[in-house]
Structure formats: C-alpha cells, structure tokens
Amino acid sequence: MIVSMTLELKDIPGQLVLALSPISELHGNIMSVVHQHEEKTPRGTIPVQITFEIDQRVLDELIERLEKSGVRVARVGEERLRSSVSLVLIGHIIHSDIGDTIDRIDSTGFAEVVDLSLSMPAIDRTSSAYLVISATGEKELKKSLEILRDVADKKDLLMIEPIRLNSEGA
Amino acid sequence: MKTIRLSIIGFGAVGQGVARSILSKQGYINKQGINLCVVGIADSGGCEIDDKGIDLMGAITRKKQTGTVATCAESAFDLISNVEHEIIVEATPTNIKDGEPGLNNMLTALNSGKNVVTSNKGPLALRFSDLKEMAEDNGLFFRYESTVGGAVPIFNLVHEAMAGNTVIGIEGILNGTCNYILTRMAEERLPYELVLKEAQELGIAETDPTYDVEGIDSACKLVIIANSIFQDAVTYRDVDITGITKITPEALELASKNNYVVKLICEAGNGTLTVAPRLVPKRHPLAVGGTLNVASILTDLAGRITISGKGAGSIETASSILSDVLHIARNS
C-alpha cells in the first residue's frame, strides 16, 4: 500500500535520518519527502510529509519504531488514488443512465469518478460532461479507461480523452 | 546552369500556386545554378505543351478566362509518357476511393523514368508502398512533402534534419478546417452547424465538408506519415477514425474551464493509428488555433520537436512542392 505520513521532528540535527531509517529497515520504498524547516508547529517541532510504499502488515510496527525513537507520528493516511485523468463525454449522458456509467468505474475497487460537471443545454440536445477519474496506479487507470470506452461505445457517447504521447506537457 | 524540365499535372489552386511560385522565385532559383523549365501543363480539359518552356502567366490567365489551360488535345497521359522531362508535379484533386486520376499519373511517370513530386494524398493513402518501391526500382525520386501539413516540412525534417533519430511517435493537427471549426466554437460558444456554415462562407470548409469533419483527410495524412516515417505498410482502412461533428460548445466550455482545448488529433506510434478529438492542455505546443497545423514528433535522441504552420493555401502548398522539386534538381 502507499502511505502518506506527517511526522514531527525535533529541531536538532540527525532527526530526518531517524525518521527515514525505520521505513527502509522495514523494506518500505520512499517516494517523496517534504521537509518544511521554516514551518514549525506550536510545539516547536518540524513537520515532515513522507510518502512511501510499504507492506500493510508492518505499518503498526513502523509507527511503534518511530515513536520509540522520539519521532511523533501526527497523521497516517493511505494514498489510495494516485493517478488521474480528465475526460469529456458527449451524448445522452443522463438518459443512458449516468448512475450506471459512474458505477462501472466505482465498482472496480481500483478507480473512482472523483469529479463531474454536467452541461445540459436543452431537452432535445445532447449533454456534455467533464469528469475526472482517479485510480490506484497507472495500470489501473488504463484499465478503467478501457471500461469507460466500452461503456461509452455501447451507450453511443463520444468520449474525448487527453493526448497520449505528449500528455505531460511541453 | 542546370536546366530541369517539369510538367504540372492538375492546374487548380495548387498547380497554379506552383506556377506562380516558379515565376516569382525564378531569379532566386537561378542563383543556385538551377533553371526550372515547365514544358507541360495538364488539366481535365487537356494540355499545353512547349519544350522551350511555357509562358506560365499566360497559362494562368487562359485558365481563368476559359476554364482550361488546354491548347492541344493531348491528354495528361500523353504529356507524362511522351514529352521529355525530368519531374512531374502531380497536383490533381485527392480521390480516396481509387486514387484516380493521380495514381495512374504517378505510375505512368515512374514507368517512363520521371521523378514524381505530389500534393495528392489519395494515391499515397492507398498505394504508398507500391509507389515508393517502383520509384526505388527505377532509381527515381518520389517526394510528397506537401501531402501532409501543407507548408509544414514534416518529412524533410524527419528524414533529413533529424536523420539518425528513431521516431517513437507523432501527434498533430493535420486538418485546418477542423481546427478552425473547433477554435471558433470554443471562442464564440457557437454550435457546430453554425460555425461550419461560417467556415463554408469563408471558403475554409468545402460545400460537402464530410472529408474534413469526419476525419478522413486527417486519416489519409496519418497513413502517409505511418508509411514514410514508421515504414508501416498501412492504408487508410487501418486508421481508427472519429470526427468532430458530435462536439458541442458546452463540451468545449467544460474543457476550457479545466484548462483544456479540444482538438482533432492524429496519433501514430505504438503500432496504432488514431484520428480522434482529444483534450489538449491549453498551454501545450499542440494547442494551436485557427486553421494552423502542428506536428509534435517524439524521438529517442532529440526528444520532442514541435513544428507548426499553415496547412493549406495555394502558395503555402507550393512552398513544399518547390522544396521537393529543388531537392531533386540538386541531387539528380
């Protein structure tokens, strides 16, 4: 699982290593560390945000080790949905059962529709929707897009996806 | 001075653009030690043939006044096969059903030992590998820069300036009509039908816009890219095509609120060929407006190279044709 933690470190040298070593000892894979040295907490400690991948079974052990070494664990959260994609749908979105369309993604367990805006200009005109799908990873995101493509095809909706090769920008 | 004799087959906007640019650039070309001499022009009405060189302005005027350039009854076939010259510029209209009359013109030229420069997509979208093979077998040039992206030099860029690179993929906007319609719809929040009508009145869209708005023209260009750059022996039928006719102004507005524009994008790479409306981030180099064309080429050594420019127009298309003609003139 991917975990994001906020730790509080004492403002003395060597504290960051103290916080990071238990994670590597338990074979965690550190993905990002944000060290905000200038933003002290009211307690005089320094908050650090760490995101890492780790076996769920050793998470309690990790927290215990951190606290024992004097690092305060202020927040633990699962970073479940890490990849997102924006899409536009055009067609009879409502009448082709929008609830079902969203369910098809949400029911996968690895992807969710996290944002949806709709525009319905008139009863006899086609609707348009902008939606964002988030998934646990790139592979899962790809799979959810395949599902939606299939749904859109069956419901006669035009699905506009982002450009592929160049999607990361200039 | 090296004299290169050429014929212009098809004397519509593109053919006349070629004649005009040869006229206006004559001094410039002569300075490079090349004299371009047009010995024949053909249109659907017949031919004008003069082995000493045709009066190009006279031909343009006659076409305007009488509707044809013809001064003799010979056909394009006669001109191509029987009149001695080095290059034929094939500029007849694109026909995606059987590629004619362009296909036969090109085959005849290659069979009778003449180099081919063309702006005609149809024959290339249907029989690219045959034409290329035939040219190679006969030791002739077969060049087609103006078939894709109008004035934008995609093939010369990849084959010459970027030689040594492996192209991983290409994405681009290769149809100015669709780009114009989508740009106007987004800017003015107008429905598709209305903007199409406006484009038709401005001469940007054809009376029958199917070819452009259904993505057929874009698909033909993508096929030429796939054949020329990826050496995939594909034809028009291998492209997955979605046009722009179902796009609503509301969809464009929703996209815009989230910092996207919608563009009809051609994609080649990973063995797939797709023409479809896509979301493009507003500040991305592919997000060009109006009738502009753009191609973004992703390569292993150079990374990404993006070029954009005018995708249509008589003189703009002639620019690419002239560069092909001069390439042959210098290297033959």
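The model is a predicted one. In it, 24 residues of chain A are in contact with 28 residues of chain B. Over all chains, the structure holds 29 salt bridges.

**Annotated domain in chain B**

- An unreviewed UniProt entry carries the annotation "domain: Homoserine dehydrogenase catalytic", which covers residues 153-326 of chain B.

**Interface of chain A and chain B**

- The size of an interface is often expressed as the accessible area lost when the parts come together.
- Between them, chain A and chain B bury about 2300 Å², and 61% of this area is on carbon and sulfur atoms.
- The rule finds 3 salt bridges across the interface of chain A and chain B.
- A salt bridge joins the side chains of A:Arg164 and B:Glu267, with an N to O distance of 3.7 Å.
- Between chain A and chain B, 6 residue pairs are in polar contact, counting pairs with both residues at pLDDT 80 or more.
- On the side of chain A that touches chain B, the elements giving two or more residues are β5 (83-91), β6 (111-119), β7 (127-135) and β8 (158-162) of chain A.
- The residues on this side of chain A comprise 12 nonpolar, 7 polar and 5 charged.

**Strand pairing between the chains**

- Strands of a sheet pair through backbone hydrogen bonds, in either a parallel or an antiparallel sense.
- β8(A) pairs with strand β10 (residues 272-281) of chain B in the parallel sense, over 2 bridges.
- A:Glu161 stands opposite B:Arg278, a residue in β10(B).

**Sheet in chain B**

- In chain B, 6 strands form an open sheet with mixed pairing, in the order β3-β2-β1-β4-β5-β6.
- β3 (46-49) and β6 (142-143) of chain B are at the edges and have a single partner strand each, so one side of each is left without a neighbour in the sheet.
- Within chain B, strand β1 (residues 2-9) and strand β4 (residues 87-90) pair in the parallel sense over 4 bridges.
- B:Ile9 stands opposite B:Glu90, which lies in β4(B).

**A salt bridge within chain A**

- Side chains of opposite charge can pair when their charged atoms come close.
- The side chains of A:Arg65 and A:Glu61 meet in a salt bridge, at 2.8 Å from N to O.
- Helix α2 (residues 59-68) of chain A holds both A:Arg65 and A:Glu61, which are 4 residues apart, about one turn of the helix.

**Backbone details in loops of chain B**

- From B:Glu100 to B:Pro101 the peptide bond is cis, with omega near 5 degrees.
- B:Pro101 is placed in the loop between β4 and α5 (102-111) of chain B.
- B:Arg189 has phi near 55 degrees, a positive value in a residue other than glycine.
- The loop between α8 (176-188) and α9 (192-201) of chain B is where B:Arg189 is found.

Definitions and conventions: Residues are numbered from 1 along each chain as its sequence is written. Chains are lettered from A and ligands numbered from 1 in the order in which they are written. This is a predicted model: local features need pLDDT of at least 70, side-chain atom pairs count only at pLDDT 80 or more; totals for chains, interfaces and linings use all residues. Side-chain values use heavy atoms; hydrogens and water are left out. UniProt positions are given in the numbering used here, feature names are shortened, and annotations may be inferred rather than shown by experiment. Contact means heavy atoms within 4.5 Å. Buried area is the accessible area (1.4 Å probe) that two parts lose on being put together, summed over both. A salt bridge is a side-chain nitrogen of Lys or Arg within 4 Å of a carboxyl oxygen of Asp or Glu. A polar contact is a pair of N or O atoms within 3.5 Å; within protein, one must be able to donate a hydrogen and the other to accept it, and residues adjacent in sequence count only if both atoms are side-chain atoms. Ala, Val, Leu, Ile, Met, Phe, Trp, Tyr, Cys and Pro count as nonpolar, Asp, Glu, Lys and Arg as charged, and the others, Gly among them, as polar. Two strands pair if DSSP finds at least two bridges between them.
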